[in-house]
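Subject: A structure for you to look at

Hello,

Here is the structure I promised to hand over. Please open it and keep it beside you while you read my notes below.

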Amino acid sequence: MAMSRLPRIINLILCGVILFSGYQAYHIRDLYVKLLKSSGQYIPLTQGQVYIGNAPPWLKTVAETTGFLTNHLAPNETFLAINDDAIYYFLTGKDSPYRQFSFCNAFKIDPQQEKEIIDQMEKKRINYVLISNRAFSKDPELGMFGETYCLLLAKYLSDNFTIVASSGDWSKAASWFGNH
């Protein structure tokens, strides 16, 4: 073997470096987990109860939004989440009224599919629609809801729904991974 041809001291040093690197990787991960557990990174919801690495403002928005939905939806009622917020179905224990979980420019939702979504909303008597600020992004992959994608659905929502609550910071631009 290659290691047996090296002097014994070199073998010991190499083994020590490998063991020390493994210990360091474990130690760094342990410190990261301890930091998360001590910095308010906990989702204190019935369905959540986990520590995650998202920013505290995001966690606050998720908790507020989930609380609103939980307090306002009847036991057999659900809601539609736009743009890409399937987490709220999980956290509220509700099913999506339609098979489409993600709404953005990249998914190319055609007008026929928009009509199906509207039909399902009417059939299931959807009274609440959750719209993330990611629905109004300058990122071409995300797009602008009602301008670059889902024109029919946006018009339907505008004609049939009113804003009843808002949470989170809508003044900052949304992105794929931040501020939504």
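The protein has 5 helices and 4 strands. Please bear in mind that this is a predicted model. Starting at the N terminus, the order of the elements is α-β-β-α-β-α-α-β-α. The radius of gyration is 24 Å, well over the 16 Å that the globule rule gives for 180 residues, so the protein is more spread out than a compact globule. Along the principal axes, its C-alpha atoms fill a box of roughly 80 × 35 × 30 Å. Buried residues account for 33% of the 180 residues. Among contacts with a separation of 6 or more, 52% join residues 24 or more positions apart.

Let me take you to helix α2 (56-72) next. Which of its residues are buried? They are Trp58, Leu59, Thr61, Val62, Thr65, Thr66 and Leu69. These residues cover an arc of only 160° around the axis, which puts them on the same side of α2. As a reminder, an α-helix has 3.6 residues a turn, so residues three or four places apart point the same way. The other side of α2 has Pro57, Lys60 and Asn71, which are exposed. The cover over the buried residues of α2 includes β1 (42-43), α3 and β4.

Helix α4 can be read in a similar way. Its 13 residues, 111-123, should span 18 Å at 1.5 Å a residue, and the distance between its end C-alpha atoms agrees at 18 Å. The buried residues of α4 are Gln113, Glu114, Ile117, Ile118 and Met121. Seen down the axis, they fall within an arc of 145°, so they line one face of α4. They pack against β3 (80-82), β4 (129-131) and α5 (151-160).

Both ends of α4 are worth a look. Just after α4 comes Arg125, which has a positive phi of about 50°.

Within α4 you will also find Gln113. Its relative accessible area is 13%, under the 20% cut-off, so Gln113 counts as buried. Leaving out residues up to four places away in sequence, Gln113 touches Tyr98, Arg99 and Gln100.

Now for the core. The largest nonpolar core holds 32 residues, of which Phe79, Leu80, Ile82, Phe103, Met121, Phe145 and Leu153 touch the most other members. At least two residues of this core come from each of α2, β3, α3 (87-92), α4 and α5. If you pick out Phe79, you will see that its contacts beyond four places in sequence include Leu69, Tyr88, Pro97, Ile126 and Leu130.

Finally, is Asp95 buried or exposed? This residue is in the loop between α3 and α4. Asp95 has a relative accessibility of 63%, over the 50% cut-off, so it counts as exposed. Asp95 touches Thr78 and Tyr89, again setting aside residues up to four places away in sequence. Its C-alpha atom is 9.9 Å from that of Asn76, a residue 19 places away along the chain.

Enjoy exploring it!

Best wishes

Terms used. Residues numbered from 1 in each chain as written. Predicted model: local features only at pLDDT ≥ 70, side-chain atom pairs only at ≥ 80, totals over all residues. Heavy atoms only, no water. Expected span 1.5 Å × (residues − 1). Buried < 20%, exposed > 50% of the residue type's maximum accessible area, 1.4 Å probe, protein only. Arc of directions from axis to C-beta. Contact = heavy atoms within 4.5 Å. Core = buried A, V, L, I, M, F, W, Y, C linked by side-chain atoms within 4.5 Å. Rg over C-alpha atoms; globule rule 2.2 N^0.38 Å.
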